[in-house]
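Morning, everyone. Please bring up the sequence and the model, and follow along as I talk.

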Amino acid sequence: MRLATIGTNWITSTFIESAKKTNQLTLQAVYSRSLEKAKEFAALHGAKNYTDNLQELAENPEIDIVYIASPNSLHFEQAILFLTHNIHVICEKPIFSTTKELEEAYKIAEQHGVYLFEAIRNIHTPNMEQLINHLSCIGKVRSANLHYIQYSSRYDAFLDGNMPNVFSPKYSGGALVDLGVYPLSLAIKLFGEPENISYHPVILNSGVDGNGTLILKYNDFTCTIMCSKISQSFMPSEIHGESGTIVLNSVTPTTLEWIDHKTNKRTSFEVQQDEHDMIYEINTFIQIIQTKDNNTYNELKQLSTTVLSITEKARKENNITFGV
(Lines give C-alpha, C1' and ligand atoms only; values in the text may rest on other atoms or scores of the structure.)
Protein backbone atom coordinates (compact mmCIF):
# COMPACT_ATOMS: atom_id res chain seq x y z
CA MET A 1 0.00 0.00 0.00
CA ARG A 2 1.12 3.54 -0.78
CA LEU A 3 1.78 5.66 2.31
CA ALA A 4 1.72 9.39 3.02
CA THR A 5 2.80 10.95 6.31
CA ILE A 6 1.84 14.14 8.12
CA GLY A 7 4.50 15.49 10.47
CA THR A 8 8.28 15.50 10.34
CA ASN A 9 9.18 14.68 13.94
CA TRP A 10 11.01 11.67 15.39
CA ILE A 11 7.86 9.56 15.77
CA THR A 12 7.12 9.93 12.05
CA SER A 13 10.66 8.84 11.20
CA THR A 14 10.26 5.85 13.52
CA PHE A 15 6.98 4.91 11.86
CA ILE A 16 8.49 5.15 8.39
CA GLU A 17 11.47 2.98 9.31
CA SER A 18 9.13 0.43 10.88
CA ALA A 19 6.88 0.50 7.82
CA LYS A 20 9.85 -0.23 5.58
CA LYS A 21 10.71 -3.30 7.68
CA THR A 22 7.20 -4.73 7.25
CA ASN A 23 7.43 -4.60 3.43
CA GLN A 24 3.74 -3.69 3.56
CA LEU A 25 3.90 0.05 2.92
CA THR A 26 5.75 2.17 0.37
CA LEU A 27 6.38 5.79 1.32
CA GLN A 28 4.90 7.89 -1.46
CA ALA A 29 4.59 11.41 -0.06
CA VAL A 30 5.24 13.53 3.03
CA TYR A 31 3.61 16.68 4.34
CA SER A 32 4.89 19.51 6.50
CA ARG A 33 3.60 23.02 7.10
CA SER A 34 7.05 24.07 5.88
CA LEU A 35 7.75 23.12 2.26
CA GLU A 36 11.47 23.18 2.96
CA LYS A 37 11.08 20.75 5.86
CA ALA A 38 8.88 18.54 3.71
CA LYS A 39 11.54 18.49 1.00
CA GLU A 40 14.29 17.60 3.50
CA PHE A 41 12.16 14.91 5.12
CA ALA A 42 11.25 13.37 1.76
CA ALA A 43 14.91 13.23 0.78
CA LEU A 44 15.83 11.68 4.13
CA HIS A 45 13.31 8.85 3.79
CA GLY A 46 13.20 8.42 0.03
CA ALA A 47 9.69 9.75 -0.58
CA LYS A 48 8.70 10.43 -4.17
CA ASN A 49 6.60 13.50 -3.37
CA TYR A 50 6.47 16.25 -0.76
CA THR A 51 4.04 19.08 -0.11
CA ASP A 52 2.87 21.78 2.28
CA ASN A 53 -0.71 21.53 0.95
CA LEU A 54 -2.94 19.02 2.75
CA GLN A 55 -5.75 19.27 0.21
CA GLU A 56 -3.29 18.45 -2.56
CA LEU A 57 -2.05 15.45 -0.59
CA ALA A 58 -5.58 14.17 0.04
CA GLU A 59 -6.38 14.43 -3.68
CA ASN A 60 -3.26 12.53 -4.71
CA PRO A 61 -4.53 9.33 -6.46
CA GLU A 62 -1.31 7.52 -5.53
CA ILE A 63 -2.08 7.54 -1.77
CA ASP A 64 -3.86 4.59 -0.13
CA ILE A 65 -3.17 5.26 3.55
CA VAL A 66 -1.95 8.19 5.64
CA TYR A 67 -0.15 8.33 8.99
CA ILE A 68 -0.97 11.45 11.03
CA ALA A 69 1.53 12.63 13.66
CA SER A 70 0.66 16.31 13.91
CA PRO A 71 -0.16 18.18 17.15
CA ASN A 72 -3.05 16.44 18.93
CA SER A 73 -5.71 19.08 18.30
CA LEU A 74 -5.15 18.87 14.53
CA HIS A 75 -5.78 15.12 14.28
CA PHE A 76 -9.54 15.28 13.81
CA GLU A 77 -9.71 17.81 11.00
CA GLN A 78 -6.86 16.14 9.13
CA ALA A 79 -8.30 12.65 9.58
CA ILE A 80 -11.70 13.73 8.26
CA LEU A 81 -10.08 15.25 5.17
CA PHE A 82 -8.42 11.97 4.23
CA LEU A 83 -11.31 9.70 5.21
CA THR A 84 -13.64 11.69 2.95
CA HIS A 85 -11.14 11.14 0.13
CA ASN A 86 -11.40 7.37 0.67
CA ILE A 87 -7.96 7.05 2.26
CA HIS A 88 -7.30 4.83 5.28
CA VAL A 89 -6.03 6.74 8.32
CA ILE A 90 -3.54 5.75 11.01
CA CYS A 91 -3.60 8.46 13.66
CA GLU A 92 -0.93 8.71 16.33
CA LYS A 93 -2.17 8.59 19.92
CA PRO A 94 -4.12 10.27 21.38
CA ILE A 95 -6.37 9.73 18.37
CA PHE A 96 -8.64 12.76 19.04
CA SER A 97 -9.49 15.23 21.78
CA THR A 98 -13.11 14.15 22.43
CA THR A 99 -15.35 11.11 22.08
CA LYS A 100 -17.68 13.18 19.92
CA GLU A 101 -14.89 13.60 17.37
CA LEU A 102 -14.10 9.89 17.53
CA GLU A 103 -17.70 8.83 16.96
CA GLU A 104 -18.04 11.16 13.97
CA ALA A 105 -14.76 10.00 12.43
CA TYR A 106 -15.66 6.32 12.74
CA LYS A 107 -19.00 7.04 11.10
CA ILE A 108 -17.35 8.87 8.19
CA ALA A 109 -14.78 6.08 7.76
CA GLU A 110 -17.60 3.55 7.50
CA GLN A 111 -19.51 5.72 5.01
CA HIS A 112 -16.46 5.87 2.76
CA GLY A 113 -15.47 2.23 3.11
CA VAL A 114 -12.10 2.90 4.75
CA TYR A 115 -10.52 2.20 8.14
CA LEU A 116 -9.45 4.51 10.96
CA PHE A 117 -6.79 3.28 13.40
CA GLU A 118 -5.17 4.68 16.53
CA ALA A 119 -1.41 4.08 16.71
CA ILE A 120 -0.90 2.86 20.28
CA ARG A 121 1.97 0.47 19.74
CA ASN A 122 2.30 -1.24 23.12
CA ILE A 123 -0.95 -3.22 22.82
CA HIS A 124 0.13 -4.87 19.55
CA THR A 125 3.52 -6.30 20.53
CA PRO A 126 4.37 -9.99 21.11
CA ASN A 127 5.09 -9.19 24.75
CA MET A 128 1.58 -7.83 25.15
CA GLU A 129 0.33 -11.23 24.03
CA GLN A 130 2.74 -12.87 26.48
CA LEU A 131 1.37 -10.70 29.27
CA ILE A 132 -2.22 -11.66 28.46
CA ASN A 133 -1.35 -15.35 28.30
CA HIS A 134 0.51 -15.34 31.63
CA LEU A 135 -1.86 -13.17 33.65
CA SER A 136 -3.59 -16.25 35.13
CA CYS A 137 -0.25 -17.38 36.64
CA ILE A 138 -0.59 -14.87 39.48
CA GLY A 139 -4.10 -15.93 40.43
CA LYS A 140 -6.84 -13.43 41.14
CA VAL A 141 -5.65 -9.90 40.40
CA ARG A 142 -5.82 -7.67 43.48
CA SER A 143 -3.99 -4.52 42.34
CA ALA A 144 -1.84 -3.08 39.59
CA ASN A 145 0.58 -0.17 39.42
CA LEU A 146 1.31 0.97 35.87
CA HIS A 147 3.15 4.14 34.96
CA TYR A 148 4.82 6.26 32.33
CA ILE A 149 6.86 8.94 34.07
CA GLN A 150 9.35 10.64 31.77
CA TYR A 151 10.76 14.13 32.04
CA SER A 152 10.08 15.99 28.83
CA SER A 153 12.92 17.79 27.10
CA ARG A 154 10.33 20.45 26.24
CA TYR A 155 9.56 21.17 29.88
CA ASP A 156 12.69 23.31 30.13
CA ALA A 157 11.36 25.49 27.31
CA PHE A 158 8.02 25.69 29.12
CA LEU A 159 9.77 26.82 32.32
CA ASP A 160 11.55 29.49 30.26
CA GLY A 161 8.18 30.95 29.30
CA ASN A 162 7.59 29.22 25.96
CA MET A 163 4.55 27.10 25.10
CA PRO A 164 5.45 23.75 23.50
CA ASN A 165 2.47 21.90 22.00
CA VAL A 166 2.63 19.11 24.61
CA PHE A 167 1.98 21.62 27.40
CA SER A 168 -0.62 23.67 25.55
CA PRO A 169 -4.41 23.33 25.96
CA LYS A 170 -4.78 24.81 22.47
CA TYR A 171 -3.05 21.74 21.05
CA SER A 172 -4.68 19.24 23.47
CA GLY A 173 -1.54 18.61 25.49
CA GLY A 174 -0.83 17.28 28.96
CA ALA A 175 0.62 14.23 30.67
CA LEU A 176 -2.48 12.03 30.67
CA VAL A 177 -3.22 12.20 26.96
CA ASP A 178 0.42 12.19 25.91
CA LEU A 179 1.91 9.50 28.20
CA GLY A 180 -0.89 8.20 30.40
CA VAL A 181 -2.65 6.64 27.42
CA TYR A 182 0.06 3.96 27.26
CA PRO A 183 -0.53 2.44 30.73
CA LEU A 184 -4.25 3.17 30.39
CA SER A 185 -4.49 1.28 27.08
CA LEU A 186 -2.56 -1.60 28.61
CA ALA A 187 -4.96 -1.69 31.58
CA ILE A 188 -8.05 -1.64 29.38
CA LYS A 189 -6.58 -4.37 27.17
CA LEU A 190 -5.88 -6.57 30.21
CA PHE A 191 -8.80 -5.79 32.52
CA GLY A 192 -11.52 -4.16 30.42
CA GLU A 193 -13.49 -1.04 31.26
CA PRO A 194 -13.43 -0.04 34.95
CA GLU A 195 -16.51 0.63 37.05
CA ASN A 196 -15.39 4.18 37.77
CA ILE A 197 -12.33 6.40 37.58
CA SER A 198 -10.79 9.37 39.34
CA TYR A 199 -7.85 11.53 38.31
CA HIS A 200 -5.60 13.56 40.57
CA PRO A 201 -3.40 15.87 38.49
CA VAL A 202 -0.83 18.58 39.05
CA ILE A 203 -2.09 21.45 36.86
CA LEU A 204 0.50 23.67 35.24
CA ASN A 205 -0.08 27.39 34.72
CA SER A 206 -0.93 26.68 31.07
CA GLY A 207 -4.03 24.80 32.25
CA VAL A 208 -2.95 21.23 31.40
CA ASP A 209 -1.66 18.47 33.66
CA GLY A 210 2.08 18.13 34.11
CA ASN A 211 1.60 14.87 35.96
CA GLY A 212 -1.16 12.92 37.64
CA THR A 213 -2.45 9.72 39.19
CA LEU A 214 -5.41 7.98 37.55
CA ILE A 215 -7.32 5.45 39.66
CA LEU A 216 -9.29 2.75 37.83
CA LYS A 217 -11.76 1.02 40.17
CA TYR A 218 -12.76 -2.51 39.23
CA ASN A 219 -15.11 -4.84 41.09
CA ASP A 220 -12.46 -6.42 43.31
CA PHE A 221 -9.23 -4.54 42.67
CA THR A 222 -7.80 -1.14 41.82
CA CYS A 223 -5.38 -0.20 39.08
CA THR A 224 -3.24 2.86 39.77
CA ILE A 225 -1.82 4.69 36.75
CA MET A 226 0.80 7.40 37.15
CA CYS A 227 1.98 9.66 34.36
CA SER A 228 4.29 12.63 34.23
CA LYS A 229 6.15 14.88 31.84
CA ILE A 230 7.77 16.93 34.60
CA SER A 231 9.60 14.20 36.55
CA GLN A 232 11.40 10.91 35.95
CA SER A 233 10.90 7.39 37.30
CA PHE A 234 13.21 4.38 37.31
CA MET A 235 10.86 1.85 38.88
CA PRO A 236 9.09 -0.99 37.04
CA SER A 237 5.34 -1.49 36.72
CA GLU A 238 3.67 -4.38 38.55
CA ILE A 239 0.49 -6.46 38.55
CA HIS A 240 -0.28 -8.12 41.89
CA GLY A 241 -2.25 -11.33 42.26
CA GLU A 242 -3.09 -13.66 45.12
CA SER A 243 -0.51 -16.21 43.90
CA GLY A 244 2.21 -14.01 42.50
CA THR A 245 3.36 -10.77 40.93
CA ILE A 246 4.18 -9.82 37.33
CA VAL A 247 6.92 -7.23 36.92
CA LEU A 248 7.12 -5.20 33.70
CA ASN A 249 10.17 -3.09 32.98
CA SER A 250 7.82 -0.60 31.30
CA VAL A 251 4.30 -0.33 29.91
CA THR A 252 5.84 -1.11 26.54
CA PRO A 253 7.63 -4.10 28.07
CA THR A 254 10.76 -5.73 26.77
CA THR A 255 11.23 -7.78 29.95
CA LEU A 256 8.51 -9.64 31.86
CA GLU A 257 8.93 -11.60 35.09
CA TRP A 258 6.54 -13.70 37.15
CA ILE A 259 7.39 -14.06 40.86
CA ASP A 260 5.67 -16.87 42.80
CA HIS A 261 4.68 -15.72 46.30
CA LYS A 262 5.20 -19.05 48.04
CA THR A 263 8.51 -20.12 46.51
CA ASN A 264 9.90 -16.70 45.48
CA LYS A 265 10.80 -18.36 42.19
CA ARG A 266 11.31 -15.86 39.40
CA THR A 267 10.35 -16.84 35.85
CA SER A 268 11.07 -14.62 32.86
CA PHE A 269 8.57 -14.98 30.05
CA GLU A 270 9.27 -12.15 27.61
CA VAL A 271 10.04 -12.88 23.98
CA GLN A 272 12.49 -11.04 21.79
CA GLN A 273 10.93 -8.21 19.83
CA ASP A 274 12.09 -6.11 16.94
CA GLU A 275 13.52 -2.82 18.19
CA HIS A 276 11.24 -1.13 15.66
CA ASP A 277 8.20 -2.17 17.68
CA MET A 278 5.77 -0.15 15.56
CA ILE A 279 5.99 -2.93 12.98
CA TYR A 280 3.49 -4.94 14.99
CA GLU A 281 0.72 -2.35 14.89
CA ILE A 282 1.39 -1.74 11.20
CA ASN A 283 1.07 -5.44 10.44
CA THR A 284 -2.19 -5.57 12.38
CA PHE A 285 -3.65 -2.60 10.52
CA ILE A 286 -2.69 -3.91 7.11
CA GLN A 287 -4.06 -7.37 7.93
CA ILE A 288 -7.40 -5.80 8.90
CA ILE A 289 -7.55 -3.81 5.66
CA GLN A 290 -6.55 -6.68 3.40
CA THR A 291 -8.79 -9.33 4.97
CA LYS A 292 -11.60 -7.00 6.11
CA ASP A 293 -11.16 -8.38 9.61
CA ASN A 294 -13.91 -6.34 11.22
CA ASN A 295 -13.90 -8.37 14.43
CA THR A 296 -10.36 -7.23 15.26
CA TYR A 297 -11.15 -3.75 13.98
CA ASN A 298 -14.18 -3.46 16.26
CA GLU A 299 -12.07 -4.56 19.24
CA LEU A 300 -9.59 -1.79 18.49
CA LYS A 301 -12.42 0.72 18.04
CA GLN A 302 -13.85 -0.21 21.41
CA LEU A 303 -10.47 0.06 23.12
CA SER A 304 -9.80 3.51 21.65
CA THR A 305 -13.31 4.63 22.58
CA THR A 306 -12.94 3.43 26.17
CA VAL A 307 -9.53 5.04 26.61
CA LEU A 308 -10.67 8.37 25.17
CA SER A 309 -13.87 8.37 27.24
CA ILE A 310 -11.77 7.91 30.40
CA THR A 311 -9.27 10.66 29.58
CA GLU A 312 -12.12 12.97 28.61
CA LYS A 313 -13.96 12.32 31.89
CA ALA A 314 -10.72 12.78 33.86
CA ARG A 315 -10.07 16.12 32.16
CA LYS A 316 -13.59 17.45 32.65
CA GLU A 317 -13.63 16.52 36.34
CA ASN A 318 -10.42 18.55 36.78
CA ASN A 319 -11.40 21.50 34.58
CA ILE A 320 -8.71 20.75 32.00
CA THR A 321 -10.18 22.35 28.89
CA PHE A 322 -8.76 21.88 25.41
CA GLY A 323 -8.91 24.42 22.60
CA VAL A 324 -8.28 27.51 24.73
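Where is lysine 292 found? It sits in the loop between helix H9, residues 279-291, and helix H10. Keep in mind that this is a predicted model.

Now the backbone at that spot. Lysine 292 has a positive phi of about 55 degrees, although it is not a glycine. Is lysine 292 buried or exposed? Its relative accessibility is 59%, and the cut-off for exposed is over 50%, so lysine 292 counts as exposed.

Next, serine 172. Its phi is positive too, near 55 degrees, and again the residue is not a glycine. Look for serine 172 in the loop between helix H7, residues 155-159, and helix H8, residues 175-191. Buried means under 20%, and serine 172 has 4% relative accessibility, so this residue counts as buried.

One more loop. Which peptide bond is cis? The one from lysine 93 to proline 94, with omega near -15 degrees. Proline 94 belongs to the loop between strand S5, residues 88-92, and helix H5, residues 99-111.

Zoom in on one pair. Strand S9, residues 209-217, and strand S10, residues 222-228, run antiparallel. Seven bridges join them. Take leucine 214: its bridge partner in S10 is isoleucine 225.

Last stop, the pockets. Rolling a probe the size of a water molecule over the atoms shows where empty space is left. The largest pocket has a volume of about 1000 Å³. How many residues line the largest pocket? There are 38, and Asn9, Trp10, Ile11, Arg154 and Val166 lie nearest its centre. Helix H1 (10-22), helix H4 (75-83) and H8 each supply at least two lining residues. H8 gives the most, with three. By type, the lining divides into 15 nonpolar, 15 polar and eight charged residues.

Notes. Residues numbered from 1 in each chain as written. Predicted model: local features only at pLDDT ≥ 70, side-chain atom pairs only at ≥ 80, totals over all residues. Heavy atoms only, no water. Pairing = 2+ DSSP bridges. Helix = DSSP H or I, 4+ residues; strand = E, 2+ residues; numbered from the N terminus. Buried < 20%, exposed > 50% of the residue type's maximum accessible area, 1.4 Å probe, protein only. 1 Å grid on protein atoms, 1.4 Å probe; cavity = no way out; pocket = protein on both sides within 12 Å on 5 of 7 lines; lining within 4 Å. Points joined across faces, edges and corners; volume = space filled by probe spheres on them. Nonpolar A, V, L, I, M, F, W, Y, C, P; charged D, E, K, R; others polar.
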